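Subject: Handover of a structure and its findings

Dear colleague,

Please find below the structure that I am handing over to you. My notes on it follow directly after.

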Amino acid sequence: MLPYAKPNMKLLYNAFIRTQDPSHPTESAIVIDRDRVVAVGEANNLLPQYPNAEKQNMEGRVILPGLTDAHLHLKQYALSLQKVDCETDAKEECLRRVAERARNAKPGEWILGHGWNQNTWSIWPTASELDSIAPNNPVYLTAKSLHAAWANTAALKLANITAQTPHPQNGQIQRDDRGEPTGILLETAMELVSGEIPEPTIHEIADAMEKAQSILWKMGLTGAHDFDRRDSFMALQQLHIQGKLKLRVLKNIPVELLDQAYELGLSAGFGDDWLRIGSVKVFMDGALGPHTAAMFQPYIGEEENRGILNMDGEELFEYGRTAAQVGLALTVHAIGDRANHEVLNAYEQLRKYESENHMPALRHRIEHVQVIHPDDAARLGQMNIIASMQPIHATSDMFMADTFWGERSRLAYALKTQLNYGARLALGSDAPLESPNPFLGLYAAVARRRADGSPSAEGWYPEQKLTMAEAWEGFTLGPAYAAYMEDRLGWLAPGYLADLIVLDTDPFTCDPEELLTMQSSATMVGGEWVWTT
């Protein structure tokens, strides 16, 4: 008797399918019923078994599991598509773009931008430079790191920032020799100005996210782990209710809402396969760009600067203990070697607490693991802590890391080291800090060099290169595990969700340079073609 085939059943054949299922890693046909894979095998076997399925000839193209960005700021990325692009090698070009936006803006309208990097410009910019080109508008431009901002005098006045304004806790208002604000705000000081910017409505955020989805599908993304806050969650819920959410989103909770989550008894995994609760996000330190990442030793050339440590391991453990009581793991931003050390100390206590109280070992994460002390390198694997890392940061930051961290960069962005020590990798982009294009992340992981070939053909610390198989798992199986979805996501196998992408070229066998221009020719999420060329 032939298997029953519903009209909406699809049979994709004449394909080269990389399933990631080790029992049969490659096949030529796949059968999908509604949102699930029901069969994978040879076309000659499946075609007669499913005569009523809709047949789609893939013409020899490559089919792979859809990719997930394990660290993305979905609201910020969506809204960044509307901002002035400040990522340029020349400060003058950034100023030109701001001036162009100002000419078309209404008086008093905020001008927002993102992407500048003072390390590229070799100098911190100033408010007066923005004043001269946008005298009638407040201007607020976030740095590429999202840990610094550049504001003009009009924006500083709206925030009541003067020479007498004290530095906020874990933040800094940069000042000139006379004590006057320069326009540069670091870490929590950014909130003094950003709090004055009119917030977009939930509808506006949802609309921006809906538009951004199509860009992400084209890039090959079928899922994302979101690190934005309450309004992002509300916008995602709105899209979900309306049936417009076509990315699988793991939503992390900011630590300032931990008490509310605890009182509600909110646990990881609450939700469904489209939108579900993840972990509790905590910031341990700053970033490399503004030199606020917490380090054991000073930044080179800044003998008094060891960055900003927001808390020690004991305080983080207390957050983790509260979260664990309702089944929530921690996911902690840690850039500097001291920050990573303190997080690992807290996790060591948490693992002991979980064991003593007969609790499950939660899937704790460290976000970035950007530079780690040699004595700490093996600890993530030993404690089964997920290394949530962004390969594209390595190629973007490598020269800056060498300049300010020196020899410590040997264990910076050390993907292979973490894998060799047994840590599970969950890879992402940190968009909008970097492009969310996963093929750029895959290229960075396997080549460890920039598109222009720098620093060399061998790459930056080439011993940290991943194989394509390792990198692809980092964008598929790693994020699935972190989301407690490894039983239905990351493979193309019976019972798994039908999330897949179609490529014209096999990324496992092509020249790595081809990854730089690769994109999906068709993307399926939950059995629905959401993107086709």
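**The two open sheets**

Strand β15 (residues 221-226) and strand β16 (residues 248-254) run parallel to each other and pair over four bridges. Within this pair, D226 has K251 of β16 as its bridge partner. Helices (H or I, at least four residues) and strands (E, at least two) are DSSP runs numbered from the N terminus, and two strands count as paired if DSSP finds at least two bridges between them.

This is a predicted model, in which local features need pLDDT of at least 70 and side-chain atom pairs count only at pLDDT 80 or more, while totals for chains, interfaces and linings use all residues. Residues are numbered from 1 along each chain as its sequence is written, and side-chain values use heavy atoms, with hydrogens and water left out.

The pair β15 and β16 belongs to an open sheet of eight strands, in the order β8-β15-β16-β17-β18-β19-β20-β21, with parallel pairing. At its edges stand β8 (67-72) and β21 (425-427); each has a single partner strand, so one side of each has no neighbour in the sheet. On average, neighbouring strands of this sheet are turned by 25° against each other, direction ignored; here axes are lines fitted to C-alpha atoms, for helices over the stretch in contact, and angles run from 0 to 180 degrees between N-to-C directions.

Another open sheet has six strands in the order β9-β10-β11-β12-β14-β13, and its pairing is mixed. Its edge strands are β9 (84-85) and β13 (171-175), each with a single partner strand, so one side of each is left without a neighbour in the sheet. Inside this sheet, strand β11 (residues 139-143) pairs with β12 in the antiparallel sense over three bridges, and the bridge partner of L141 in β12 is W150.

N152 lies in the loop between β12 (148-151) and α6 (153-158). Its relative accessibility is 0%, so N152 counts as buried (buried means under 20% relative accessible area, exposed over 50%, partly exposed in between, with a 1.4 Å probe and protein chains only). The side chain of N152 reaches two backbone nitrogens: that of V139 at 2.9 Å and that of A155 at 3.0 Å. Leaving aside residues up to four places away in sequence, N152 touches A127, L130, D131, A134, N137, P138 and V139, where contact means heavy atoms within 4.5 Å.

**Strand β22 and its partners**

Strand β22 (residues 500-503) is covered on both faces, with L500 and V502 buried on one side and I501 and L503 buried on the other. Strand β7 (residues 62-65) pairs with β22 in the antiparallel sense over four bridges, and P65 stands opposite L500. β22 also pairs with strand β23 (residues 522-525), again antiparallel, over three bridges; there I501 stands opposite T523.

**Helix α16**

Nine of the ten residues of helix α16 (residues 438-447) are buried, so this helix is largely enclosed by the rest of the structure. Among them are F439, L442, Y443 and V446. N437 caps the N-terminal end of α16, with a side-chain oxygen 2.9 Å from the backbone nitrogen of F439. After α16 comes R448, which has a positive phi near 55°.

**The chain as a whole**

The chain has 18 helices and 24 strands, and 58% of its 533 residues count as buried. A compact globule of 533 residues would have a radius of gyration near 24 Å, and the chain agrees with this at 24 Å; the radius is taken over C-alpha atoms, and the globule rule is 2.2 Å times the number of residues to the power 0.38. The C-alpha trace spans about 85 × 60 × 50 Å along its principal axes. Of the contacts between residues at least 6 apart in sequence, 72% join residues at least 24 apart.

With kind regards

Methods:
A polar contact is a pair of N or O atoms within 3.5 Å; within protein, one must be able to donate a hydrogen and the other to accept it, and residues adjacent in sequence count only if both atoms are side-chain atoms.
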